[in-house]
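Please look over the notes below with the model open beside them.

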Amino acid sequence: METANRTALSLLDRLRLRAITERGVEVLGILLRNRLAGVGLFIVVMASLTAILAPLLATHDAFEMDLTRRLQGPSAEHILGTDLYGRDLFTRIVLGTRIAMRVALGAVLLAVVVGVPLGAVSGYCGGWVDTVVMRAIDALLAFPGRLLAIVLVAALGPSFFTLYLAIGINAVPSYARVVRGGVLSQKEKEYVEAARMTGESEARILFCQILPNCIAPILVLVTLDFAHAILVESSLSFLGLGFPPPAPSWGLMLSEARGYMELAPHVAIFPGLAISLAILGFNLLGDGLRDIFDPRQYEG
Amino acid sequence: MIRYILRRLIELIPVLFLVSFLVFFIIHLIPGDPVEVMLGEERHDQATYELLRRQMGLDEPIHVQYWSWLRRTLQGDLGYSLRTKKPVFDTIVERYPATIYLALSSLLLGTLIAIPAGTVAAVRQNTRWDYGAMGFALFGISVPNFWFALLLILGFGLYLGWFPTMGYADPGTNLAAFLWHLTLPTIVLGTDMASTVTRYLRAEMLEQLRLDYVRTARAKGLPPRLVIYKHTLKNSLIGATTAIGLHVGRLLGGSTVVETVFAWPGVARLVLEAVYARDYPVLQGAVLLLALTYVGVNLVVDVFYKWLDPRIRLR
């Protein structure tokens, strides 16, 4: 299988790969020159690194309670202070980054894995397949997304998979629509005809020739959906529908802080800052990418 | 127009089926046995359990249960709350006004912020005004509602003591107290709405300002103010209606986090209370009505949009 794939990587494929890489480097350059998008990229990279390296960055045990040190303000020992149970707030926020990023990644992946093929096949096949898929997508879109997320999480109980599903399912329609539009605009082009003449299978034409040309708007959506997923995850855990205590989830930390924020405002401020910063980063990056790619040109 | 509305109504059928399936299956998905919840702490024997199970129809095959549920629902019978024993329909109707008041005031505030902010940002693109408006919009999009709410409570409620931190007053009996309680939740939801609508309006307006009719209007010597406010803004608002309409649908469904933080007795909090209490009939009824409201409002907004702009192509 592996060797078959490698031999199938034709000269054309390799040229295309190089073009994509070059375009990627070019986009990165534009992003860094656009100040706001550069800030966004920086925040996103930092958040990702924090999530990956969380156990190394943690200065304390996130679950160790020390009632003699409860609700302390920032100090040299606890740089962001401690919470109601004397747990180190910095450590908990760092570990919270991991939860937020993991849920967002899972939710967005689920939306991409379901939405992209649906939209691609729908646009490529047309006819009744298109009608059925698009009607189903419209039906999903007509349902209030947040309500669906709450009901799903309440019904299935909190777990990583439930959160991926509850948050990801609401993003499926946008991917299906954008990809469908992209495929529709591409499928009559000459390179598709050329590929067909070289005897490539329809599936390969769709997924290896057409789809790579629809990557740009997907990338914009992925970035903006990351922001949205972080927002929904923290909202759900704030409402008590996410992971149960003592999980260091950002929303849960804020929910716990509600009762004593007058005494210790830092407990209500730092986790909120972390959430807002993460969402801001993805939004800035998404806006920057959108300015570069302008996905409206793909929408059908 | 009538054909358009009819077609939209026909398209609603699969949506309504999805809604009904989802609502029906809530009761089968939620962990725990509804019969046990209903019996609660009471001591009971196997016979009582079986009897109740049969009364609730839970011993029937699933498709029979679905049809009988659908029939009852269509007749307006949503059952009784397990917690309060009151009819579900009455419970929801009781909670709806609070959500509607909050939705309307937020809509008003959001529009009042978004229209000037979006207009100024577009007309004075790349000036301090534009950056200010866009900074505000970015703030609204990035700061989660529940955290913004907590900050407002902390600042204006706990420290300054200007506004109550939570609660509700009936507008019929005490209008002043009602408005006083309404302020902070309205600021949260109004800001949330204004941030997306401002961005939308700005983009729409920048697009319009590039069009030929604007150049023509300017070339024939119309004062810039007239061109902007009478021609461009009017056309841009048609586009912004979609963004506003999206929020109407969302606001009328209630914001769970805002209603929770401010202990606002609306329908969204009712859903959450029903989840916590495992009160299935209320959960089913509320989700059903909220979904129907959302679908209905979106339909009305689309029709309204269509009516505003006859150019929109009929598919």
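1. Why does B:Val282 count as buried? B:Val282 has 27 C-beta neighbours inside 10 Å, and therefore counts as buried. The cut-offs are these: buried means 20 or more other C-beta atoms within 10 Å of a residue's own, exposed means 12 or fewer, and partly exposed lies in between, with C-beta atoms placed from the backbone.

2. This is a predicted model; local features need pLDDT of at least 70, side-chain atom pairs count only at pLDDT 80 or more, and totals for chains, interfaces and linings use all residues. Residues are numbered from 1 along each chain as its sequence is written, while chains are lettered from A and ligands numbered from 1 in the order in which they are written.

3. B:Val282 sits in helix H13 of chain B. Helices (H or I, at least four residues) and strands (E, at least two) are DSSP runs, numbered from the N terminus. Leaving out residues up to four places away in sequence, B:Val282 touches B:Ser81, B:Val88, B:Thr91, B:Leu270 and B:Ala274. Contact here means C-beta atoms, placed from the backbone, within 7 Å. B:Ile92 is 190 residues from B:Val282 in sequence, yet their C-alpha atoms are 8.0 Å apart.

4. H12(B) is mostly covered, with eight of its 11 residues buried. They are B:Val267, B:Ala268, B:Arg269, B:Leu270, B:Val271, B:Leu272, B:Ala274 and B:Val275. The packing partners of these buried residues are helix H6 (145–156) of chain A, and helix H5 (88–123), H11 and H13 of chain B. Just after H12(B), B:Arg278 has a positive phi of about 55°.

5. H6(B) passes a length check. Its 15 residues should span 21 Å at 1.5 Å a residue, and its end C-alpha atoms are 21 Å apart, so the two agree. The expected span is 1.5 Å times one less than the number of residues. Buried in H6(B) are B:Ala133, B:Met134, B:Ala137, B:Gly140, B:Ile141 and B:Ser142. Their cover includes helix H13 (265–293) of chain A, plus H5 and helix H8 (175–209) of chain B.

6. Now the interface. Chain B puts 32 residues in contact with 31 residues of chain A. Elements giving two or more residues on the chain B side are H1 (2–29), H6 (128–142), H7 (145–159), H11 (256–261), H12 (267–277) and H13 (280–308). H1(B) gives the most, with seven residues. The chain B side divides into 26 nonpolar, five polar and one charged. Nonpolar covers Ala, Val, Leu, Ile, Met, Phe, Trp, Tyr, Cys and Pro; charged covers Asp, Glu, Lys and Arg; the others, Gly among them, are polar.

7. In chain A, check helix H4 (residues 89–125) against helix H8 (residues 172–186). They pack at about 35°, with axes 7 Å apart. The residues of this contact comprise 14 nonpolar, four polar and two charged. Axes are lines fitted to C-alpha atoms, for helices over the stretch in contact, and angles run from 0 to 180 degrees between N-to-C directions.

8. Chain B overall has 13 helices and zero strands. Of its 315 residues, 37% are buried. Its C-alpha atoms fill a box of roughly 85 × 55 × 35 Å along the principal axes. Among chain B contacts with a separation of 6 or more, 70% join residues 24 or more positions apart.

Terms used. Two residues are in contact if their C-beta atoms, placed from the backbone, lie within 7 Å.
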